[in-house]
Amino acid sequence: MLRLYWARNDGMGGHVFLGLEDLRALAAEMAEQGMTGWVALEGLEPGAHVPPGAVDFALSQAAREPTLLEDGKLWRDWLAFLEGAAENGGILVR
């Protein structure tokens, strides 16, 4: 499981826990959409920090609807998490 948090969060929101299946599906969709320049999802380790500029750049490559991923809600929820991370100091991995 991968636990991701906005760098600045209130403890109530701004986090996502990804199981292996969702992690792989999101990583594949991100690669398909050209969002891999920021960091490889599957390569994130606890203690890592993805800066907000890198998240913002990844979002600039993203389409609102997935091309490979069958679960459109998972994709839109992921994009919403990334948008929040870009505004709240990036992503911390725990």
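Me: Buried means under 20% relative accessible area, exposed means over 50%, and partly exposed is the range in between. In this predicted model, which class does Arg 3 fall into?
Reply: Arg 3 is found in strand 1, residues 2–6. Its relative accessibility is 35%.

Me: How far apart in space are the C-alpha atoms of Arg 3 and Ala 62?
Reply: Along the sequence, Arg 3 and Ala 62 are 59 residues apart. In space, the C-alpha to C-alpha separation is 22 Å.

Me: Is Leu 18 buried or exposed?
Reply: Leu 18 sits in strand 2, which covers residues 15–18. The relative accessibility of Leu 18 is 3%. Under 20% is the cut-off that applies, so Leu 18 counts as buried.

Me: How many residues apart in sequence are Leu 18 and Gly 53?
Reply: In space, the C-alpha atoms of Leu 18 and Gly 53 are 22 Å apart. In sequence, the separation of Leu 18 and Gly 53 is 35 residues.

Me: What is the C-alpha separation of Gly 84 and Leu 4?
Reply: Gly 84 belongs to helix 3 and is buried, because its relative accessibility is 10%. Gly 84 and Leu 4 are 80 residues apart along the chain. Their C-alpha atoms are separated by 12 Å.

Me: Where is Gly 89, and how far in space is its C-alpha from that of Asn 9?
Reply: Gly 89 is found in the loop between helix 3 and strand 4 (91–93). With a relative accessible area of 15%, Gly 89 is buried. Gly 89 and Asn 9 are 80 residues apart in sequence, and the C-alpha to C-alpha distance is 9.1 Å.

Me: How many salt bridges does the structure hold?
Reply: Side chains of opposite charge can pair when their charged atoms come close. One of the pairs here is Lys 73 with Asp 77. The number of salt bridges in the structure is 3.

Me: Which residue does Glu 83 meet in a salt bridge?
Reply: The N to O distance in this salt bridge is 2.6 Å. The pair links distant parts of the chain, 19 residues apart, with Glu 83 in helix 3 (residues 72–87) and its partner in the loop between helix 2 (52–60) and helix 3.

Me: How far apart are the closest N and O atoms of Arg 76 and Glu 65?
Reply: Arg 76 and Glu 65 form a salt bridge. This pair also links distant parts of the chain: Arg 76 is in helix 3 and Glu 65 is in the loop between helix 2 and helix 3, 11 residues apart. Arg 76 is partly exposed at 34%, as is Glu 65 at 44%. The closest N and O atoms are separated by 2.9 Å.

Me: Which helix holds both Lys 73 and Asp 77?
Reply: The side chains of Lys 73 and Asp 77 meet in a salt bridge at 2.6 Å, N to O. Lys 73 is exposed at 51%, whereas Asp 77 is partly exposed at 40%. The two residues are 4 apart, about one turn of the helix, and both lie in helix 3.

Me: Glu 29 is buried yet has no salt bridge; what is the nearest side chain of opposite charge?
Reply: Glu 29 lies in helix 1. A salt bridge needs the nitrogen and carboxyl oxygen within 4 Å. The nearest side chain of opposite charge is 10 Å away from Glu 29, and it belongs to Arg 76.

Me: Which backbone nitrogens lie 2.7 Å and 2.8 Å from a polar atom of the side chain of Glu 29?
Reply: A polar contact is a pair of N or O atoms within 3.5 Å, so both distances meet that cut-off. The 2.7 Å distance is to the backbone nitrogen of Leu 68. The 2.8 Å distance is to the backbone nitrogen of Leu 69.

Me: Which residues gather in a patch of negative charge on the surface?
Reply: One member is in helix 1 (residues 20–32), namely Asp 22. Asp 22 is partly exposed, with 33% relative accessibility. The patch is made of Glu 21, Asp 22, Glu 70 and Asp 71.

Notes. Residues numbered from 1 in each chain as written. Predicted model: local features only at pLDDT ≥ 70, side-chain atom pairs only at ≥ 80, totals over all residues. Heavy atoms only, no water. Patch = residues over 30% accessible without salt bridge, like charges linked within 9 Å, V, L, I, M, F, W, Y side chains within 5 Å. Areas by Shrake-Rupley, 256 points an atom, 1.4 Å probe, with all protein chains shown as cover. Lys, Arg positive; Asp, Glu negative; His and termini not counted. Charge placed at Lys NZ, Arg CZ, Asp CG, Glu CD. Buried < 20%, exposed > 50% of the residue type's maximum accessible area, 1.4 Å probe, protein only. Polar contact = N/O pair within 3.5 Å; in protein donor to acceptor, adjacent residues only side chain to side chain.
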